[in-house]
Amino acid sequence: MKNELVSIIIPAYNAKQAISKCLNSIINQTYNNIEIIVIDDGSQDGTAQWIESNYKGEQKIKLIRQENQGPSVARNNGIKQAKGQYILFVDSDDFLSQNFIEEILKHYKSNMLNGGCHNSIEKNKIKPNYPIDAIGNTMYVDIISGRIGGFICGYLFERELITDLQFDTSIRFMEDVLFLLAYCQKVKGIHFVPNAIYYYVYNSSGLSKSKENVLKNIKYMDIVVNQIEIFLIENKVEIGKNFIREKKLRLIDAELGKLNRKSEVEKIINDHEFKKVIQNIELDKSSKLFWRIYRKTVVSNKMFAVVYLKLRRLLKKIKGGV
């Protein structure tokens, strides 16, 4: 088994309540040759001070402070500081199985992106996920479609392959997908190790539920998915006719589903920025798909029935060029 240094990068923003479980799961790994780089992203809850107080003398932890600039800047700073041959990204409210790093290194496949399996935890219920390996162009479609998680946590990146990559700091939604796709161009596939478990903790209280944040996410989504489409074309990856449209519509649906009041949804669908995003989805070809998604999700909640009808009228106007 390999014995190289592994650098674990953890962006932390107001993570005082959750980060101890994350840090303890890393400090207590069965594989010991690690360094832990925590980037405090301008926390207002005393996260950095709490770590200094509770992990005083823990030589594996390196704490870096920065002004609040988002996880992309934090991860880029972490990459600059990392000394390990391998880099692992972990979010501050998630945690690892005790043998996570050891298992991945034990079953490591060269020229592959090696990762653990992602188990989701919501309301103390664990949802296991054991994806199969992906080779060649298949991995791009698997990442974008969601069959393989399009997030960067839980994968062991080779530092020599990551030095020329950076997270796009102008985007604060789905930026990890672009990073993952760029890295995958350097390998021939993705390999998953079943006994290495990354526990993703679904924190509903931490979701951006305000109208402003949902609208921002939709705008960022449009930018990212357009970049993904260009990436697929440049790499000659074959996709279904409605693949990109369906991706956008599902993401819009997920974002609108975060809101609890129909008045907030109404404001978003009447916003000119939202109309621009919708207009670019070529509704004449994808409207049936759009309504199928909405009937299954948003419209199933009676509270959104009025919003559904208003959005339908809006889309008809856009289609008709009104």
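**Close-up views of a predicted model**

**View 1. Ring pairs join Phe 89, Tyr 155, Phe 157, Phe 167, Phe 179, Tyr 183 and Phe 192 into a cluster.** The structure is a predicted model. A search of the whole structure gives 12 aromatic pairs.

**View 2. Phe 89 and Phe 179 form an edge-to-face pair.** The ring centres of Phe 89 and Phe 179 are 6.2 Å apart and the planes stand at 85°, an angle over 60 degrees, so the pair counts as edge-to-face. Phe 89 belongs to strand E4 (residues 86–89) and Phe 179 to helix H7 (residues 175–184), so the pair ties together parts 90 residues apart in sequence. Both Phe 89 and Phe 179 are buried.

**View 3. Phe 157 and Tyr 183 form an aromatic pair that is edge-to-face.** The centre-to-centre distance is 4.8 Å, with 90° between the planes. Phe 157 is in strand E9 (residues 155–158) and Tyr 183 in helix H7, 26 residues apart. Phe 157 and Tyr 183 are both buried.

**View 4. Helix H8 (residues 211–234) packs with helix H11 (residues 272–279).** Their axes are 10 Å apart, at an angle of about 30°, which makes H8 roughly parallel to H11. The crossing of the two helices is left-handed. Leu 215, Ile 218, Lys 219, Met 221 and Asp 222 of H8 make the contact with Glu 273, Phe 274 and Val 277 of H11. By class, this contact has five nonpolar, three charged and no polar residues.

**View 5. Helix H1 (residues 19–27) has buried residues.** These are Ile 19, Cys 22, Leu 23, Ser 25, Ile 26 and Ile 27. Their cover includes strands E1 (6–12), E2 (34–41), E3 (61–66) and E5 (95–96), as well as helix H2 (47–54).

Notes. Residues numbered from 1 in each chain as written. Predicted model: local features only at pLDDT ≥ 70, side-chain atom pairs only at ≥ 80, totals over all residues. Heavy atoms only, no water. Buried < 20%, exposed > 50% of the residue type's maximum accessible area, 1.4 Å probe, protein only. Helix = DSSP H or I, 4+ residues; strand = E, 2+ residues; numbered from the N terminus. Contact = heavy atoms within 4.5 Å. Axes fitted to C-alpha atoms, helices over the stretch in contact; angles between N-to-C directions. Parallel < 35°, antiparallel > 145°, perpendicular 65-115°, else oblique. Left-handed = near helix turned anticlockwise from the far one by under 90°. Nonpolar A, V, L, I, M, F, W, Y, C, P; charged D, E, K, R; others polar. Phe/Tyr/Trp six-rings, centres within 6.5 Å; stacked < 30°, edge-to-face > 60°.
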